[in-house]
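Here are my notes on the model, as numbered points. Please read them with the structure open.

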Amino acid sequence: VGHYVTQPAVPRSAIRILRWLLSERDREALIGDLVEECALRSAEPAQDSCRWCWEQVGRSVLPLLQARIRRRRWPGKLGAAAAAYVVVAPLVVASDVVALELSGGQPAVQAWISFLAFVAALMLGGCLATSIRRGAAAPLAAIVMVMSALWLAQMPDRPSIWYQLGLLLAGPSSAVAGGRLRN
Amino acid sequence: MPRSASLGAFEQMVLIALVRLGPKAYGMTVRREIEQRTGRRVSIGAVYATLERLEEKGLVSSFAGEPTAERGGRSKRLFRLEADGERALRASQEAIRRMTAGLNSRWGTT
C-alpha cells in the first residue's frame, strides 16, 4: 500500500482514549490501522500527521462511544441494579429503626450507627448487583445517588451540607466498592 | 419489510467497500476506499462501529490477520461479506434503484 519510512508517532494519549473506547477484540486492530495510516503519511510534516491523527480520534469518539454503550447492554445491568436496590432499600430502613433502638436517644450515636449500616447495606447491594450482572454496581450507584438526592429534597428540615454531601457520596461509593469486592 | 431492506447509507457504503476490496478489506482500507470514492471524510471509529454492528446482524464476518511491523506488531482484523450481507446489499440497492427510476430526466442526468 505504500512505503514505510519510520515508526509513526500516534500520540500516546490518543491511543489511551481509543483503548478505553474499543472492545478488547478491536482494540489492537484499530490502533494498528491508525499506526499504519500514520506511517503512510510520514511524508507529511509531523505536525500535519499528528493533527490528522487527533482528528481521526476526535471524530471516532462518538460512534465508538455509541458502540460501547450498545455492547455493554445497559438494560440488563440497569435491571440487575434495580433488583439489588429493591433488596437493599428495606435493609437501610430497618437499620434506621435498629439505630434508633441502640442509640439510647443520643442523636449523634444514632446518626453514626445509621450511617455505618447504610454503607454496609450498599456494599452488600453492590456485591449483589455484580453477582447478578457484572458491571451492575455502577448503575446501582447512580440509582442510589438519585434516590438520596430525592430523599434530601423532600426533607422539611434540610441537614447540614456535610451530611448531604456525605450521603450523596458515601452511598454510591459503597455500592461501587461492594461491586469491586465481588469482582 | 425484510430486515435486509433496513441498511443505512453508511452501512451500504461499508458493505460495498468490502465487495470492492475483497481479501484486502480491513479497517484502514475500508476507510480509505469510502473516503476516496465519495470524497466524504470518514473516521476509523465510524468504520469499526459500523462493521461491529453489521457483524452482529450476521452480514459480515471477521478474522484476525498476522501481526506486521508497520503496524507496531499489531494484527489486522480482516472483514468478509457474508451471503446474508450480499442479499441485504442487493435488496437495498434495488430499493434505491426503484425509488430513483425515472428521475434522471428531472435531475438532468443521463
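1. Chain B, surface. Chain B exposes about 6200 Å², and carbon and sulfur atoms supply 52% of that area. Buried residues account for 40% of the 110 residues in chain B. Keep in mind throughout that this is a predicted model.

2. Chain B, fold. The secondary structure of chain B comes to five helices and two strands. Read from the N terminus, the elements run α-α-α-β-β-α-α. Take the contacts in chain B between residues at least 6 apart in sequence: 50% of them join residues at least 24 apart.

3. The interface, extent. How many residues of each chain take part? In chain B, 26 residues are in contact with 28 residues of chain A. The two chains bury about 2400 Å² between them, with 46% of it on carbon and sulfur atoms. On the chain B side, Glu52(B), Glu70(B) and Arg74(B) lose the most area to chain A. Together these three give 25% of what that side buries.

4. The interface, polar part. Between chain B and chain A, 18 residue pairs are in polar contact, with both residues at pLDDT 80 or more. The elements of chain B that give two or more residues to this side are helix H2 (27-38), helix H3 (44-56) and E2. The largest share, nine residues, comes from H3(B).

5. Salt bridges, overall. A search of the whole structure finds 21 salt bridges over all chains. Across the interface of chain B and chain A, the count is eight. Side chains of opposite charge can pair when their charged atoms come close.

6. Glu36(A) and Arg71(B). The side chains of Glu36(A) and Arg71(B) form a salt bridge, at 2.7 Å from N to O. This pair crosses between chains. Glu36(A) sits in helix H2 (residues 24-40) of chain A. Arg71(B) sits in the loop between strand E1 (60-68) and strand E2 (74-81) of chain B. Are these two residues buried or exposed? Both Glu36(A) and Arg71(B) are buried.

7. Asp33(A). This residue also belongs to helix H2 of chain A. Asp33(A) counts as buried because its relative accessibility is 1%, and the cut-off is under 20%. Which residues does Asp33(A) touch, leaving aside neighbours within four places in sequence? The contacts are Tyr26(B), Gly27(B), Met28(B), Ile44(B), Tyr48(B) and Arg71(B).

8. A network. Salt bridges link Arg25(A), Asp26(A), Glu55(B) and Arg77(B) in a network. One pair in detail: the side chains of Asp26(A) and Arg77(B) meet at 3.9 Å, N to O.

9. Helix H3 of chain A, two pairs. Asp48(A) and Arg51(A) form a salt bridge at 3.5 Å, N to O. Both lie in helix H3 (residues 46-71) of chain A, three residues apart, about one turn of the helix. Glu55(A) and Arg59(A) form a salt bridge too, with the closest N and O atoms 3.5 Å apart. This pair also lies in helix H3 of chain A, but four residues apart, again about one turn.

10. Exposure of those pairs. Asp48(A) is partly exposed, because its relative accessibility is 31%. Glu55(A) is partly exposed as well, with a relative accessible area of 28%. Arg59(A), at 32% relative accessibility, also counts as partly exposed.

11. Tyr85(A). This residue is in helix H4 (residues 74-102) of chain A. Why does Tyr85(A) count as partly exposed? Its relative accessibility is 22%, and the buried class needs a value under 20%. Not counting residues up to four places away in sequence, Tyr85(A) touches Pro90(A), Leu140(A), Ile143(A), Val144(A) and Met147(A). The C-alpha atoms of Tyr85(A) and Gly125(A) are 6.5 Å apart, although 40 residues separate the two along the chain.

12. A nonpolar patch. Met145(A), Ile161(A), Trp162(A), Leu165(A) and Leu169(A) make a nonpolar surface patch of about 560 Å². Helix H7 (residues 161-182) of chain A gives the most to the patch, with four residues. Leu169(A) lies in that helix. At 48% relative accessibility, Leu169(A) counts as partly exposed.

Note on methods:
Residues are numbered from 1 along each chain as its sequence is written. Chains are lettered from A and ligands numbered from 1 in the order in which they are written. This is a predicted model: local features need pLDDT of at least 70, side-chain atom pairs count only at pLDDT 80 or more; totals for chains, interfaces and linings use all residues. Side-chain values use heavy atoms; hydrogens and water are left out. Buried means under 20% relative accessible area, exposed over 50%, partly exposed in between (1.4 Å probe, protein chains only). Contact means heavy atoms within 4.5 Å. A salt bridge is a side-chain nitrogen of Lys or Arg within 4 Å of a carboxyl oxygen of Asp or Glu. Accessible areas come from the Shrake-Rupley method with a 1.4 Å probe; for residues, only the protein chains shown count as cover. Patches are made of residues with over 30% relative accessible area and no salt bridge: like charges are joined within 9 Å, nonpolar side chains (Val, Leu, Ile, Met, Phe, Trp, Tyr) within 5 Å. Buried area is the accessible area (1.4 Å probe) that two parts lose on being put together, summed over both. A polar contact is a pair of N or O atoms within 3.5 Å; within protein, one must be able to donate a hydrogen and the other to accept it, and residues adjacent in sequence count only if both atoms are side-chain atoms.
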